[in-house]
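Please look over the sequence and the model shown below before reading on. The report that follows moves from the overall fold to particular groups of side chains.

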Amino acid sequence: VTAANTAIVPMALETAKAQANPTPSFVFKEVQAGADDKIYVAEGYDADVLIRWGDPILPGAPEFDAHKQTAEKQAGQFGYNNDYLGYLPIDGRSDHGLLCVNHEYTNEELMFPELPGRQDMSRSYGHNFKHMTQALADIEMMAHGGSVIEIRKTNGKWQVVKDSKYARRI
């Protein structure tokens, strides 16, 4: 109990102090929320696309074509959606490292442009799979998992290092 109190009580006091005197940790003007196709970024900041679903990450992986996708092609391409990013510096550098990405879920009603009944699927999410095939399910399965890509900041912009020896699809 004494050991636990020694570790926990000081942390609890610091948390209580922080909550009693909240100081913003960000120093930018609040960004207005939008529900359209624009990207909203705080003043003085910018947003760029680093990598997209289907971009080749393994050497020899083909360019993405949503109308001709296969599980084999997807196996070498960046996965679908992500909800976690982890940066691991190479040699302790803040401008060169590995980006580890979790691809947790897919949206078949968005993934497969020629899927019959996809409008029905978007209205009844998860309940209308009558037009799904084994081939489409295999593509979805390959789009899940994880990707590891090597990235480097050059002239102030992050870029994917092509044909990296570290690139992986998991």
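## Overall fold

How many helices and strands are there in the chain? There are 5 helices and 5 strands, where helices (H or I, at least four residues) and strands (E, at least two) are DSSP runs, numbered from the N terminus. Read along the sequence, these elements follow the pattern α-α-β-β-α-α-α-β-β-β.

This is a predicted model, in which local features need pLDDT of at least 70 and side-chain atom pairs count only at pLDDT 80 or more, while totals for chains, interfaces and linings use all residues. Residues are numbered from 1 along each chain as its sequence is written, and side-chain values use heavy atoms, with hydrogens and water left out.

## Burial, surface and contacts

Of the 170 residues in the chain, 28% are buried; buried means under 20% relative accessible area, exposed means over 50%, and partly exposed lies in between (1.4 Å probe, protein chains only). The accessible surface of the chain comes to about 11900 Å², and 56% of this surface belongs to carbon and sulfur atoms. Such areas come from the Shrake-Rupley method with a 1.4 Å probe, and for residues only the protein chains shown count as cover.

Contacts (heavy atoms within 4.5 Å) can also be sorted by separation along the sequence. Among the contacts in the chain with a separation of 6 or more, 51% are between residues 24 or more positions apart.

## Salt bridges

Side chains of opposite charge can pair when their charged atoms come close. A search of the whole structure finds 6 salt bridges, each being a side-chain nitrogen of Lys or Arg within 4 Å of a carboxyl oxygen of Asp or Glu. One of them joins aspartate 46 to lysine 157, with the closest N and O atoms 2.5 Å apart. Because aspartate 46 lies in the loop between helix H1 (2-20) and helix H2 (71-74), and lysine 157 in strand E4 (residues 157-160), this pair ties together parts that are 111 residues apart in sequence.

Lysine 157 also meets aspartate 48 in a salt bridge (2.9 Å, N to O). Aspartate 48 lies in the loop between H1 and H2 and lysine 157 in strand E4, so this pair ties together parts that are 109 residues apart in sequence. Another salt bridge is formed by the side chains of arginine 93 and aspartate 95 (2.9 Å, N to O); arginine 93 is partly exposed at 36% relative accessible area, and aspartate 95 is partly exposed at 26%.

## Aromatic pairs

The count of aromatic pairs comes to 3, where rings of Phe, Tyr and Trp (its six-membered ring) pair if their centres lie within 6.5 Å, and planes under 30 degrees apart count as stacked, over 60 as edge-to-face and the rest as tilted. The rings of tryptophan 53 and tyrosine 80 have their centres 4.9 Å apart and their planes at 80°, so the pair is edge-to-face. This pair links distant parts of the chain, 27 residues apart, with tryptophan 53 in the loop between H1 and H2 and tyrosine 80 in the loop between H2 and strand E1 (84-89).

Are tryptophan 53 and tyrosine 80 buried or exposed? Both tryptophan 53 and tyrosine 80 are buried. Ring pairs link Trp53, Phe64 and Tyr80 into a cluster.
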